[in-house]
Amino acid sequence: MESTAPVPATAPPVAATPPAVAATGLVKSFGSVSAVRGVDLTVAQGEIVAFLGPNGAGKTTTIDMLLGLSHPDRGTVEVFGESPRAAIAHGLVSAVLQTGGLLKDISVRETLQLTASLFADTRPIDEVLARAGIAEIADRKVGVCSGGQQQRLRFAMALLSDPGLLILDEPTTGMDVEGRRAFWNAIRADAARGRTVLFATHYLDEADEYADRIVLMSRGRIVADGTTAEIKNLVSGRVVHATLPGADQVALAALPSVDSVEAKGERVALHTRDSDAVARYLLTETAARDVEITAQNLESVFLALTGNDNDDTEGARS
């Protein structure tokens with residue numbers, strides 16, 4: 001008698017999780033100015049990515065395309081597998097931009113209530129006030145809030161829809177040191193809950209401290225993409241720091257293997273491919289003291305990779 005044992009059911013295939021951002025071949029021009037020249041960018045869900053580049057590099061133009069505020073001349077953009085506009089409509093993505101979007105004559109709480117009315121489902125207003133660190137100024141008029149407080153209000157507005165992707169464009173511009181620290185503590189706590197964060201900044205220390213990954217743009221193209229350590233390793237050599245009163249910068253720059261010399265008061269920094277030889281020279285041939293040898297920092301890598309920018313992107317958005 002033949003067996004009639006049931007055949008085990010085959011489990012349906014599990015759908016692959018789409019990346020938070022998938023941009024391919026993005027090109028955007030404004031008249032004769034090429035702002036973005038073929039950008040490919042993929043951001044996995046849960047990543048914290050810093051978007052760096054000098055003014056005119058194309059960062060803001062790229063962000064505008066990710067948000068559906070601008071359409072690429074060529075290329076495609078998807079956010080969580082959807083078009084940017086659809087992802088925003090579904091509350092999957094929010095942004096904290098540099099300026100705009102605030103009514104000065106209503107309170108912080110009223111601003112959030114007004115914003116919440118635009119969505120079908122939002123997080124509780126008291127919750128986002130607390131997460132943005134502005135609960136104590138909830139009844140203050142927006143017009144009398146400081147620049148840093150207004151930026152944190154924009155952050156709270158972005159959190160209302162509980163987005164999977166948060167895009168920050170120069171979010172701490174105009175903040176003092178304490179304001180920047182408080183803002184990033186709030187962002188870091190929120191990112192720890194699994195949110196994807198993509199932020200553009202001119203403050204390299206912010207990228208170094210808070211990003212899992214750095215994407216560096218120059219002249220409309222991505223020129224480096226990796227962890228902070230990987231980015232720093234793209235530029236060889238080390239930096240020799242020393243205290244040297246009356247340093248002859250011309251003579252120091254003429255030393256073999258020295259690429260550049262910087263001086264701030266009595267402190268000099270020599271970028272070199274042979275740090276041992278430079279340190280030996282300083283200690284034996286000059287009155288240098290407090291000699292230190294360090295690896296390249298993010299600023300030196302940034303300058304090395306973007307130092308050949310010319311003005312052919314003049315007028316393009318940063």
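A158 is buried, with a relative accessible area of 4%; buried means under 20% relative accessible area, exposed over 50%, and partly exposed in between, with a 1.4 Å probe and protein chains only. A158 lies in helix α5, residues 147-159. Helices (H or I, at least four residues) and strands (E, at least two) are DSSP runs, numbered from the N terminus. The model is predicted: local features need pLDDT of at least 70, side-chain atom pairs count only at pLDDT 80 or more, and totals for chains, interfaces and linings use all residues. Residues are numbered from 1 along each chain as its sequence is written, and side-chain values use heavy atoms, with hydrogens and water left out.

**Surroundings of A158**

- Leaving aside neighbours within four places in sequence, A158 is in contact with S94, A95, V96, P163 and L166; contact means heavy atoms within 4.5 Å.
- A158 and R289 are 131 residues apart in sequence, and their C-alpha atoms are 51 Å apart in space.

**The whole protein**

- The protein has 11 helices and 13 strands.
- The radius of gyration of the protein is 25 Å, well over the 20 Å that the globule rule gives for 318 residues, so the protein is more spread out than a compact globule. The radius is taken over C-alpha atoms, and the globule rule is 2.2 Å times the number of residues to the power 0.38.
- The C-alpha trace spans about 85 × 75 × 45 Å along the principal axes of the protein.
- Of the 318 residues, 46% count as buried.
- Among contacts between residues at least 6 apart in sequence, 69% join residues at least 24 apart.
- The accessible surface comes to about 16000 Å², and 51% of this surface belongs to carbon and sulfur atoms. Accessible areas come from the Shrake-Rupley method with a 1.4 Å probe; for residues, only the protein chains shown count as cover.
- The protein has 29 positive and 41 negative charges, and the mean positions of these two groups are 3 Å apart. Lys and Arg count as positive and Asp and Glu as negative, while His and the chain ends are not counted. The place of a charge is taken as NZ of Lys, CZ of Arg, CG of Asp or CD of Glu.

**Aromatic rings**

- The structure holds 4 aromatic pairs. Rings of Phe, Tyr and Trp (its six-membered ring) pair if their centres lie within 6.5 Å; planes under 30 degrees apart count as stacked, over 60 as edge-to-face and the rest as tilted.
- The rings of W184 and Y210 have centres 4.9 Å apart and planes at 15 degrees, so this pair is stacked.
- This pair links distant parts of the chain: W184 is in helix α6 (residues 177-191) and Y210 is in helix α7 (residues 204-210), 26 residues apart.
- W184 is buried at a relative accessible area of 2%, and Y210 is buried at 12%.
- Ring pairs link F155, F183, W184, F199 and Y210 into a cluster.

**T196 in strand β7**

- T196 is found in strand β7, which covers residues 196-200.
- T196 is buried, with a relative accessible area of 1%.
- Not counting residues up to four places away in sequence, T196 touches A20, V43, A44, Q45, G46, E47, G164, L165 and L166.
- T196 and D169 are 27 residues apart along the chain, and 14 Å separates their C-alpha atoms.

**Positive phi values**

- S257 is a residue other than glycine with a positive phi, near 75 degrees.
- S257 lies in the loop between α9 (249-253) and β11 (258-264), and counts as buried at 17% relative accessibility.
- D290 is not a glycine either, yet has a positive phi of about 50 degrees.
- D290 lies in strand β13 (residues 289-295), and counts as exposed at 51% relative accessibility.

**N55 in a loop**

- N55 is found in the loop between β3 (48-52) and α1 (59-66).
- At 59% relative accessibility, N55 counts as exposed.
- N55 and M217 are 162 residues apart in sequence, and their C-alpha atoms are 10.0 Å apart in space.
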